[in-house]
Structures are given as C-alpha cells and as structure tokens.
Amino acid sequence: EPSLRVRDLAYAYPDGTQALFGVNLTIERGERVALLGPNGAGKTTLVMHLNGILTPGHGEVVVAGLPVRKDTLREVRRRVGLVFQDPDDQLFMPTVREDVAFGPANMGVRGEELERRVRHALERVGMLDAIDRPPHHLSFGQRRRVAVATVLAMEPEILVLDEPSSNLDPASRRELAEILRGLDVTVLMVTHDLPYALELCERSLILSGGVIVADGPTREILADA
Ligand code: ADP
Ligand code: ADP
C-alpha cells in the first residue's frame, strides 16, 4: 500500500470557489515529496483533505489503505501528521514533555510507553535536552523541531509540513534539513523554498490552478519551471 493515494479529488468552497479540479497523486512509503505552486494554487486545500479537515466534493483520499471518511477520521488523524507553518499553533502546554505527550495520550497511550514515545520523538529532532522546558523559552527553530516531535510521537504514516524552512536562520534551516533527511517516514512538504525542495525531496509536484501540472524528479521539475 502507498502511504498516500489521492484520486480524482475535486473541491469547491461553500462560496463556489473551485479550488481543486481532479487531483491524482500517489506517494509511496518512504518517499520525500515537495508540493510546489503559486499562491492560490490549492496547496492548503489539498493538505486540508489529507487529514479530513475538508471532505472531498468528488474523489477520494486513502492513507495507507484507509479511506478518509467521517467514520475513519480518528485513525486518519493519527496516520497523517500535520506540522503547521507556525509552531506556536501547535505548542500550548507548560512543558515540552506535555506538548509531545498530548497526541499519544489522547489516543490512550499511557505510562512507560508514553514516556518512551515522547523521549524517542524528541531524540529524533535533537530536542531531548529541552524535555522539561517551557516551549516559549525556546528559539523559533527549536519550537519548530518540537512541533515536528509532537507529530512524530503519533508514529504517523506520513508527515505533512507546511513551509518547514520559513523564518529559520541558515543554521536552523540546515539542522532541520538534516533531521528530516534522517527520518524513516514518508514526507510531503509544501514549500516555496526551491533550494530546500531540491536538497530534501527526490520528487516534486507542482499544483497550479487546482491541478497537478508537473510530477517528477525535483531536479527536472525545477529545470523546467
Ligand atoms: P494555496 O495554499 O496554494 O495558496 P489555497 O488552497 O489556499 O491555495 O486556495 C486555493 C483557492 O481556493 C484560491 O482561489 C483561494 O482563494 C480559494 N480559497 C481558499 N480558502 C477559501 C475559503 N475558505 N473560501 C473560499 N475560497 C477559498
Ligand atoms: P497559505 O499561505 O498557506 O497558502 P493562504 O494565504 O492561501 O494560505 O490562506 C490563508 C487562509 O485564508 C486559509 O485559511 C484559507 O482557507 C483562507 N482563504 C484563502 N483564500 C480565501 C478566500 N478567497 N476566501 C476565504 N478564505 C480564504
């Protein structure tokens, strides 16, 4: 089973704006894929379908074999880990430990298994030392890494990141790239940062006007763009 399959996905907002017109894409397990495209292309709308924030007007989204539907949303949201552009939308607890524990605890993970998940997720983003600190004492780059950990602690099938390199200084940007490269998880990242896409993603998609207009090796996609 691929990590993600989107078939004939079309969507219009309630005001009638048609944002997606028959999007098809498949992402195999372990791939890292960049989703590129101009403002208004439909990137956010597509991402909002991946974990069921929006439900398709037409077509379907399947995550590791599980169709996104009202009755599967709980499991879908565990499988699709969304990392928002602003980490402060994701961190709201008094300590890093509590923030990273929030998702798995909500799924019923308890005790030693919960602590193991939290520590492992923080290790993977190089933030274990900050486990007892309040998130708001960390730098922006560190908060973004903790936000990634909150999602990894759910052991997702696919990690979806919105502009992961935005607002990072060059050192934090490099650190995050290293971390993302080291993860053994399927990644879809929405970005305007073409060097970052080239560095991290073997494959890129270009969405424009609600359709996928290019899909292939990032090097070739950027050469043609
Ligand atoms: P992107 O993330 O690529 O910038 P969006 O998915 O945000 O694109 O937007 C796709 C299209 O849908 C645009 O025409 C946008 O104006 C429109 N759109 C986005 N959100 C809404 C909404 N809540 N209501 C109506 N139209 C919307
Ligand atoms: P992004 O920078 O992630 O592409 P946008 O700037 O396209 O996001 O949209 C930011 C927010 O504004 C989103 O929640 C989107 O749904 C909403 N939005 C975008 N276009 C419209 C629109 N035409 N009507 C109503 N809401 C919109």
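1. An oxygen atom of ligand 1 lies 3.1 Å from a polar backbone atom of Ala-41. This is a polar contact, a term that covers a pair of N or O atoms within 3.5 Å; within protein, one atom must be able to donate a hydrogen and the other to accept it, and residues adjacent in sequence count only if both atoms are side-chain atoms. A backbone N or O atom of Gly-42 is found 3.0 Å from an oxygen atom of ligand 1. For Thr-44 the side chain is involved, with an N or O atom 2.5 Å from an oxygen atom of ligand 1.

2. The structure is a predicted model, in which local features need pLDDT of at least 70, side-chain atom pairs count only at pLDDT 80 or more, and totals for chains, interfaces and linings use all residues. Residues are numbered from 1 along each chain as its sequence is written, chains are lettered from A and ligands numbered from 1 in the order in which they are written, and side-chain values use heavy atoms, with hydrogens and water left out.

3. Which residues are around ligand 1? They include Tyr-13, Asp-15, Pro-38, Asn-39, Gly-40 and Lys-43. A residue is counted here if one of its heavy atoms lies within 4 Å of the molecule.

4. One open sheet has four strands in the order β2-β1-β4-β5, with antiparallel pairing. Helices (H or I, at least four residues) and strands (E, at least two) are DSSP runs, numbered from the N terminus, and two strands pair if DSSP finds at least two bridges between them. The edge strands, β2 (18-27) and β5 (66-67), each pair on one side only.

5. Within this sheet, five bridges join β1 to β4, and Val-6 has Val-61 of β4 as its bridge partner. Strand β4 (residues 58-63) is joined to β5 by two bridges. Val-63 stands opposite Leu-66, while Val-62 has Pro-67 as its partner. Two residues lie between the strands of the β4 and β5 hairpin, where Ala-64 takes a positive phi near 45 degrees.

6. A second open sheet has six strands in the order β6-β7-β8-β3-β9-β10, and its pairing is mixed. Its edge strands are β6 (80-83) and β10 (211-217). Neighbouring strands are turned against each other by 20 degrees on average, direction ignored. Such angles run from 0 to 180 degrees between N-to-C directions, and axes are lines fitted to C-alpha atoms, for helices over the stretch in contact.

7. Strands β7 (residues 158-162) and β8 (residues 186-190) run parallel and are joined by five bridges. Val-160 stands opposite Leu-188 in β8. Helix α5 lies across β6 and β7, running at about 165 degrees to β6.

8. How do the helices α3 and α5 pack, and at what angle? Helix α3 (residues 96-106) and helix α5 (residues 140-152) pack at about 35 degrees, with their axes 7 Å apart. Contact, meaning heavy atoms within 4.5 Å, is made by Val-96, Asp-99 and Val-100 of α3 and by Val-146, Ala-149 and Thr-150 of α5.
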